Every structure is written in C-alpha cells, then in structure tokens.
2 protein chains.
Amino acid sequence: MVCRPRIPPVPASADAQRAIDDKTKPPGSLGDLELWAVRLAGIQDTLTPAIERARVIVFGADHGVAAENVSAYPPQVTGEMMRNFARGGAAINVLARANRIEVEVIDVGVDADLTSVAGLVHAKVRRGSRNFLHEPAMTETELDAALAVGRDAARRAAHDDVRAIGLGEMGIGNTTAAAALLSALTGAPPADTVGRGTGVDDDRLAHKRTVVTHALATHHDALQNGARAALRALGGLELAAIAGAALEAPRLGIAVVADGFISTVATLAALRIDPSIAPALFFAHRSAESGHAVALDAIGARPMLNLNLRLGEGTGAALAIPLLRSAAAILAEMATFSSASVSRA
Amino acid sequence: MVCRPRIPPVPASADAQRAIDDKTKPPGSLGDLELWAVRLAGIQDTLTPAIERARVIVFGADHGVAAENVSAYPPQVTGEMMRNFARGGAAINVLARANRIEVEVIDVGVDADLTSVAGLVHAKVRRGSRNFLHEPAMTETELDAALAVGRDAARRAAHDDVRAIGLGEMGIGNTTAAAALLSALTGAPPADTVGRGTGVDDDRLAHKRTVVTHALATHHDALQNGARAALRALGGLELAAIAGAALEAPRLGIAVVADGFISTVATLAALRIDPSIAPALFFAHRSAESGHAVALDAIGARPMLNLNLRLGEGTGAALAIPLLRSAAAILAEMATFSSASVSRA
C-alpha cells in the first residue's frame with residue numbers, strides 16, 4: 001500500500017476572506033458565492049482561483065441486483081445510454097456543451113461489450129457487480145480496481161489542468177445499490193433511503209424496499225467493518241469509482257462536485273473513508289429522489305441548487321459548476337474599493 | 001399613442017412537452033429545466049429554442065429620497081459604480097464574463113456627469129428622481145422618458161439577436177424606493193417591505209421604515225390610480241426603465257430575467273400594467289433582502305436560485321441565465337429514444 005499524501009492544508013482562508021471584503025460590494029452581499037470563493041482559494045492554494053477547464057466524469061456500470069426487478073427500465077439501457085453519451089446526445093452532453101464543461105465517459109462495469117465504441121474510456125472491471133442480495137457486490141480485488149478507475153480519472157483531470165470535476169453515473173439498478181449503501185452508512189431505514197429512482201410504481205417501490213432490507217440483513221456482519229466494507233458489500237462499480245475520484249481529486253487541488261443521489265452516497269462513503277477530503281467537496285443540488293436528503297443531511301451539506309432534478313449522469317453537477325466558476329472569478333477578477341475609487345460605507 | 005401589438009400567443013406548448021418527453025431520460029427527470037424549456041419554446045415560438053446571446057442590462061439612477069439618510073453608502077457611490085461598470089471591474093462584469101453574457105450599462109438618471117465615460121449608454125432623464133417624501137418621484141413626462149429608455153434597451157437587444165435579458169440596477173437609495181413601491185402595489189406594510197439594503201443598522205432601518213410610511217401617506221390619493229401612478233409617485237428612474245424593458249421584451253420574443261429585490265418590484269409594476277407579459281418573465285433568485293419574498297409571493301414566482309445574494313446589479317440574473325440557456329439546449333439538442341436506440345420503460 002502506497003503512503004497517500006494528505007490534501008494540502010487549507011491556506012490563508014482569512015486572507016481570502018479579507019480579499020473578498022475589499023471588493024466593490026457591500027460585505028457578504030454575494031452570499032454563497034463568497035463562501036465558495038474562499039473555499040476554492042483553499043483548494044487551489046491561491047488568492048486568484050480560477051476554473052477554466054471543468055469536467056463531468058460519467059461512470060457507467062451494471063448491477064447484479066437489477067435481476068431483482070427493481071427498476072422501471074431494462075438493464076440493457078445502461079449500455080444503450082453509454083452509446084448515447086459517446087454520440088453526444090444525452091442530457092449530460094447537452095448541458096456540458098451549454099456550460100463549457102468537458103465530459104469523460106468511463107465504462108467501469110457495463111454488462112455489454114462496448115470495446116468498439118469510440119469516445120469512451122474503457123476500464124471495465126467486470127460486466128456488472130454481483131447481486132448483493134446473495135453475495136457481496138464486489139470482491140476485494142474488484143473494489144480496489146473500481147476505486148483505482150476513479151483515482152485514475154482524477155489524475156487525468158489534474159494532468160489536463162481541470163480544476164473542478166463533476167461526478168456522474170449511469171447504471172440501471174443503481175438507486176437500489178445507493179439506497180442500501182446509504183442505509184448501511186447511516187442506519188437510516190430503507191423506508192427513508194429507497195425511492196422511485198427512474199420512476200417505479202408503488203408495488204415495485206415496496207419490492208425495492210424489501211430487497212434492500214434483505215440485503216442489509218444478509219451483509220449484517222460485513223457492515224460492522226466500516227465504509228469500505230459497506231461499499232464492497234452493497235455498492236456498485238460506478239459507486240466505487242466515484243468514491244475513488246472523490247478521494248483522489250482533493251489532494252490534486254481539484255474541487256469535487258457531487259451530483260445527485262447516487263453520486264452523493266458514493267461521496268459520503270469516500271468521506272467516511274477519509275474525512276480530510278471534506279473541504280474540497282461541493283454538492284450540486286437536492287434531487288427529487290427521496291433518499292438524497294438523507295444523504296445530504298448525513299454529510300451536513302447544503303446543496304447549491306434545488307431544481308427537482310432526478311436524472312443523474314452528472315446533470316446537476318453540470319449546472320452547478322458555472323456557479324463555482326463564477327465564485328472563483330469574483331475573488332480573482334473583481335476590482336477593490338481603492339483600485340476603483342469607490343467610496344466605502 | 002401607438003397601438004401596441006400583443007405578445008405572440010403561447011404556441012404549441014403541448015408540442016414542446018411532447019418533444020421533451022421523447023428525450024432520452026425518464027419523464028420529468030430534468031425538473032424545472034423541463035418547465036423552463038417549454039416556456040422558452042413558447043416565448044421563441046419554436047421547438048428548438050436557443051439562447052446564444054444573452055445580456056444583462058444595468059440601469060443606473062440616483063434617488064431624491066437618498067437625502068433622507070436611508071442608505072449605508074453615500075449617494076456619490078452610484079456614479080462611482082457606473083465608472084466601475086464601464087471599466088469592467090464590478091461583480092456584474094465578472095459574473096457576465098464568466099457566463100458568456102453581455103453587459104449593457106445605461107445611465108437613466110445618475111446624479112453625476114458621466115458624459116465622458118465610454119462604455120455607457122447615455123440616456124439620462126434627470127440627475128436623480130425627486131424626493132418622494134415631498135413630491136412625486138417623477139413627472140408624467142419623466143416617467144414616460146424612463147419607460148422609453150427601458151423599451152429602447154429591449155429593442156436594441158432584439159436587434160442584436162439577444163434572446164434573454166437580465167434586468168439589473170444601481171442606485172443608492174433604491175431599496176427605499178422599491179420598498180415604498182412594493183407597499184403601494186401590494187398593501188404590505190413597510191415593516192415587511194423595508195429591509196437593510198446594502199447594510200443599514202437598526203436605527204437607520206427604523207428611520208427608513210418611517211420615511212416609507214410617511215411617503216405612502218403623502219401619496220395616498222395618487223396611489224389609488226394603479227401601478228403606473230404608483231411607479232411615478234414612488235419609483236425611481238431605473239425602476240421605471242426596468243419596467244419599460246419588461247413590458248417590451250416579451251413581445252419581441254425575449255425572455256426577461258428579473259434579478260433581486262429592486263428588479264423584481266419593478267417587474268411587478270410592469271406586470272400590473274400589462275399582465276400579458278407573465279409567460280416571458282423569470283425570477284433569478286430569492287435574495288437576502290427581506291422584502292424580496294413579499295414581491296415574489298405577490299407575483300406567485302418561484303425563484304430559480306437561492307444563494308443569499310443581496311447585491312443587485314443583475315448579479316443574480318447573470319447566474320440564472322445559464323440555467324435558461326441549458327433548458328433551451330435540452331429541448332433543442334437532446335437525442336430522442338428512437339434516434340438514439342434507447343429502450344423505454
């Protein structure tokens with residue numbers, strides 16, 4: 001095991017606050033933007049932070065538990081949507097283009113042969129995670145490999161001077177995995193963590209809750225061993241990859257923007273594994289998926305947007321990144337009272 | 001008086017909804033973005049709406065009532081900030097640049113000689129509105145002229161193929177004018193409409209409420225004559241110009257994004273003058289200024305963002321416009337289930 005360097009100490013946030021207060025505006029009048037600007041100064045260790053390049057990373061994987069009939073969509077949709085991402089036709093492609101954000105799509109475990117699809121990063125660990133109703137979703141080796149896929153994505157971003165990454169996902173069945181993992185991490189009952197996902201009806205919602213309840217019982221012993229063990233037992237390959245990216249990006253000076261329910265639960269797992277990443281984490285939005293609020297509350301996060309999104313793919317992150325880019329620009333570019341000859345209060 | 005054409009009938013919004021539902025995502029999963037996309041289709045009368053060019057228009061003016069010591073900042077700050085806008089150093093300049101939005105700054109009534117300042121639109125009606133504690137803020141002629149400044153700005157935007165305008169303002173004293181106007185338009189007491197503006201202390205807040213209460217009594221008779229009369233009695237030149245822009249832009253197929261407290265109150269006045277503009281109006285955010293919630297509630301508007309902003313200048317609009325641009329792109333650019341060969345639920 002390599003000795004991981006810690007994330008850089010949060011620097012001069014008092015200096016950043018002073019710099020913000022000298023800008024030509026009443027103190028505090030840019031609200032959340034000022035808080036984010038100070039945090040970005042810490043993450044980038046500079047009083048002139050900037051987010052020129054930003055990237056949403058979409059991790060795709062299938063789920064053994066999808067065999068339990070927990071989704072409104074058939075499992076082959078994961079692969080079909082990966083092809084849609086590669087062609088640039090999905091919501092995340094459109095929103096990223098509209099907001100000057102790059103998209104990287106990674107096959108970390110789709111149950112389809114996508115090797116011939118150009119425009120994807122091919123990093124398949126396995127064709128879908130195992131069905132956690134019967135066995136752990138991943139072996140130790142598979143979990144390590146999926147975490148490494150996320151870590152590598154963060155390193156590629158750093159190499160490309162990307163300063164903010166949004167963490168998105170695609171995987172039929174993954175709200176079931178995320179709900180189970182969230183219950184395991186927080187103790188919240190499946191009634192609170194299991195929601196309608198892509199839109200299941202009442203019967204299937206009840207069934208989905210039963211599946212999660214059984215899975216929590218099956219893995220009860222393993223779940224006493226912390227977040228990594230929970231991620232292995234109940235997660236999915238894309239959830240593990242998201243956790244890997246969230247663990248790695250902060251120490252590279254990259255802001256991490258969690259997207260919706262699945263992304264937030266995976267980020268929560270990462271935070272439990274290494275709490276020191278907290279200052280670099282942003283939470284894009286509060287989604288309409290019911291368990292998302294449970295996850296955000298467990299983290300103590302106030303989401304940046306509240307737009308009733310429930311699509312995933314990183315779509316909320318693509319809408320939130322311009323706010324971070326704006327916050328950085330305020331600190332880096334605004335005039336000061338003295339430089340602009342504006343009278344103070 | 002010219003016969004004003006009505007805004008185009010909201011077209012095919014059922015068609016737009018159908019088009020959205022055929023996109024590769026669970027129905028409704030893009031939340032507010034879908035509602036906005038359908039509205040933009042109506043405003044632009046197309047199933048492929050787009051917001052390439054967008055512009056925040058900052059209307060600057062001074063206020064006679066500033067003589068009553070109602071602001072934390074001295075009145076000369078209005079002119080100083082106009083120079084700051086012209087140099088590109090203010091918050092609105094920075095946020096617009098970060099979000100690919102143009103800025104147009106209009107002197108509609110600043111109490112300073114700005115004729116030598118390049119980069120402003122010089123359309124001064126008067127050096128500041130009159131002190132409405134003693135007389136109407138504007139004469140009929142001045143009100144007409146200020147409304148026309150806003151209308152002309154909307155027409156310039158249309159000429160330049162701008163498809164969304166944000167309505168911003170700068171004017172020391174203008175939260176007092178907006179609070180008085182809001183009380184006049186809604187009947188809400190000054191205790192609810194008068195807030196701290198740029199940051200007055202408790203004593204000055206109480207004084208500001210007294211000033212508004214007296215002004216409402218002084219103009220009691222005039223205020224029986226509708227929104228236009230209220231705007232003339234208690235508004236300001238920049239508030240009237242904002243109302244003029246909000247009245248004109250919708251019939252030119254331009255979406256109107258109101259910014260914070262002052263901009264929202266001016267837009268409310270416009271809406272009372274011509275309710276048919278409603279479908280083209282968007283409300284960028286819920287600001288920290290206490291009266292803003294009163295104004296938004298009077299309109300029945302759900303703001304797009306909630307970031308504790310209270311700066312004005314159009315800063316909230318600059319942050320909200322990317323969301324509208326994104327919504328338009330979803331409708332215009334996303335693949336459909338059939339075009340992308342993705343299975344349905």
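Modeller: In this predicted model, chain A can be laid on chain B with an RMSD of 0.0 Å, by a turn of 180° and a shift of 0.0 Å along the axis. That is the relation of a two-fold axis.

Colleague: Which residue of chain A comes closest to the rotation axis?

Modeller: L305(A). Its C-alpha is 3.3 Å from the axis.

Colleague: What share of the contact residues of chain A recur in chain B?

Modeller: The share is 100%, and the same surface serves both copies.

Colleague: How many residues does the contact take from each chain?

Modeller: Chain A gives 58 residues and chain B gives 58 residues. Between them the two chains bury about 4300 Å². Carbon and sulfur atoms account for 60% of that area.

Colleague: Which three residues supply more of the area that chain A buries against chain B than any other three?

Modeller: P26(A), Y73(A) and L307(A). Together they supply 12% of the area that chain A buries against chain B.

Colleague: Now the charges. How many salt bridges are there between chain A and chain B?

Modeller: The general idea comes before the count. Side chains of opposite charge can pair when their charged atoms come close. Between chain A and chain B the count is two salt bridges. R97(A) forms a salt bridge with E333(B), and their closest N and O atoms are 3.2 Å apart.

Colleague: And how many salt bridges does a search of the whole structure find?

Modeller: Over all chains, the search finds 44.

Colleague: Let us turn to helix packing. At what angle do helix α5 and helix α9 of chain A pack?

Modeller: Again, the idea first. Two packed helices are described by the angle between their axes and the distance between the axes. In chain A, helix α5 spans residues 140-159 and helix α9 spans residues 227-234. They pack at an angle of about 100°, with their axes 10 Å apart. α5(A) and α9(A) are therefore roughly perpendicular to each other.

Colleague: Which residues meet where α5(A) packs on α9(A)?

Modeller: From α5(A) come E140(A), L143(A), D144(A) and L147(A). From α9(A) come R228(A), L231(A) and R232(A). By class, this contact has three nonpolar, no polar and four charged residues.

Colleague: What joins the side chains of E140(A) and R228(A)?

Modeller: A salt bridge, at 2.6 Å from N to O. E140(A) lies in helix α5 of chain A and R228(A) in helix α9 of chain A, so the pair ties together parts that are 88 residues apart in sequence.

Technical notes
Residues numbered from 1 in each chain as written. Chains lettered and ligands numbered in written order. Predicted model: local features only at pLDDT ≥ 70, side-chain atom pairs only at ≥ 80, totals over all residues. Heavy atoms only, no water. Least-squares fit on C-alpha atoms with pLDDT ≥ 70 in both. Contact = heavy atoms within 4.5 Å. Axes fitted to C-alpha atoms, helices over the stretch in contact; angles between N-to-C directions. Helix = DSSP H or I, 4+ residues; strand = E, 2+ residues; numbered from the N terminus. Parallel < 35°, antiparallel > 145°, perpendicular 65-115°, else oblique. Nonpolar A, V, L, I, M, F, W, Y, C, P; charged D, E, K, R; others polar. Buried area = accessible area lost by both parts, 1.4 Å probe. Salt bridge = Lys/Arg side-chain N within 4 Å of Asp/Glu carboxyl O.
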